[in-house]
Amino acid sequence: MTLPLQYFQLWLLKFFTFLLGCMSCFYFQAQLGMTPVMGAALTGLLGTFIPETKRIEKTHVHANIYMGAFVAMGSKITDQGFWQILVVSAMGSLIYFAMSRYFKGMGGRLGLIAFISSLLGLALKVMV
């Protein structure tokens with residue numbers, strides 16, 4: 001018998017998968033010289049190989065990886081360094097965790113959340 005994940009564990013799993021998507025897309029761009037679109041496509045492809053088990057089926061692991069790849073693909077936030085990526089991943093996963101039920105059935109929600117979290121990350125960078 002598997003126990004359902006608690007809220008903090010659920011958010012933590014979303015955060016790490018978001019961060020994984022962002023960092024892997026950034027790695028493909030910076031180290032392998034791929035274009036942002038190719039890096040995001042490869043990240044999404046590799047993310048599909050993560051099995052969806054009973055324990056994590058409600059966490060939308062794949063969606064978080066795609067959002068992380070969107071952030072690394074579409075913004076210059078990855079040029080700011082690891083801490084900025086970490087902050088944006090925390091904000092993006094928190095937005096998805098809190099707002100996903102309101103975005104249900106809405107097309108483009110993953111890109112919208114990635115866009116909002118990138119904007120918030122840049123705004124935070126300017127303010128600090």
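Contact here means heavy atoms within 4.5 Å, and buried means under 20% relative accessible area, with exposed over 50% and partly exposed in between (1.4 Å probe, protein chains only). Helices (H or I, at least four residues) and strands (E, at least two) are DSSP runs, numbered from the N terminus.

The model is predicted: local features need pLDDT of at least 70 and side-chain atom pairs count only at pLDDT 80 or more, while totals for chains, interfaces and linings use all residues. Residues are numbered from 1 along each chain as its sequence is written, and side-chain values use heavy atoms, with hydrogens and water left out.

**Stop 1: helix α3.** Select residues 61-74, the 14 residues of α3. From its first C-alpha to its last, α3 reaches 20 Å, close to the 20 Å expected at 1.5 Å a residue; the expected span is 1.5 Å times one less than the number of residues. Ten of the 14 residues are buried, so α3 is largely enclosed by the rest of the structure. To see them, colour Val-61, His-62, Ala-63, Asn-64, Ile-65, Met-67, Gly-68, Ala-69, Val-71 and Ala-72.

**Stop 2: the whole chain.** Zoom out. The protein has five helices and zero strands, and its elements run α-α-α-α-α from the N terminus on. The C-alpha trace spans about 45 × 35 × 25 Å along its principal axes. For 128 residues a compact globule would have a radius of gyration near 14 Å, and the protein agrees, with 14 Å; this radius is taken over C-alpha atoms, and the globule rule is 2.2 Å times the number of residues to the power 0.38. Of the contacts with a separation of 6 or more, 70% are between residues 24 or more positions apart.

Now show the surface. Its accessible area comes to about 7700 Å², 71% of it belonging to carbon and sulfur atoms (Shrake-Rupley method, 1.4 Å probe; for residues, only the protein chains shown count as cover). Buried residues make up 38% of the 128 residues.

**Stop 3: Ser-93.** Select Ser-93 in helix α4. At 0% relative accessibility, Ser-93 counts as buried. A polar atom of its side chain lies 2.9 Å from the backbone oxygen of Ser-89, and the backbone oxygen of Ala-90 lies 3.1 Å from a side-chain polar atom of Ser-93. A polar contact is a pair of N or O atoms within 3.5 Å; within protein, one must be able to donate a hydrogen and the other to accept it, and residues adjacent in sequence count only if both atoms are side-chain atoms. Leaving out residues up to four places away in sequence, Ser-93 touches Trp-11, Lys-14, Phe-15 and Phe-18.

**Stop 4: Gln-9.** Move to helix α1 (residues 7-30) and select Gln-9. Gln-9 counts as partly exposed, at 38% relative accessibility. Its side chain reaches the backbone nitrogen of Gln-6 at 3.0 Å. Draw a distance from the C-alpha of Gln-9 to that of Thr-59, 50 residues away along the chain: the separation is 10.0 Å.

**Stop 5: the cysteines.** Select Cys-22 and Cys-25. Cys-22 is buried, with a relative accessible area of 0%, and Cys-25 is buried with 0% as well. The closest cysteine sulfur to that of Cys-22 is in Cys-25, at 7.4 Å, too far for a bond. A disulfide is a pair of cysteine sulfur atoms within 2.5 Å, and a search of the whole structure finds zero.
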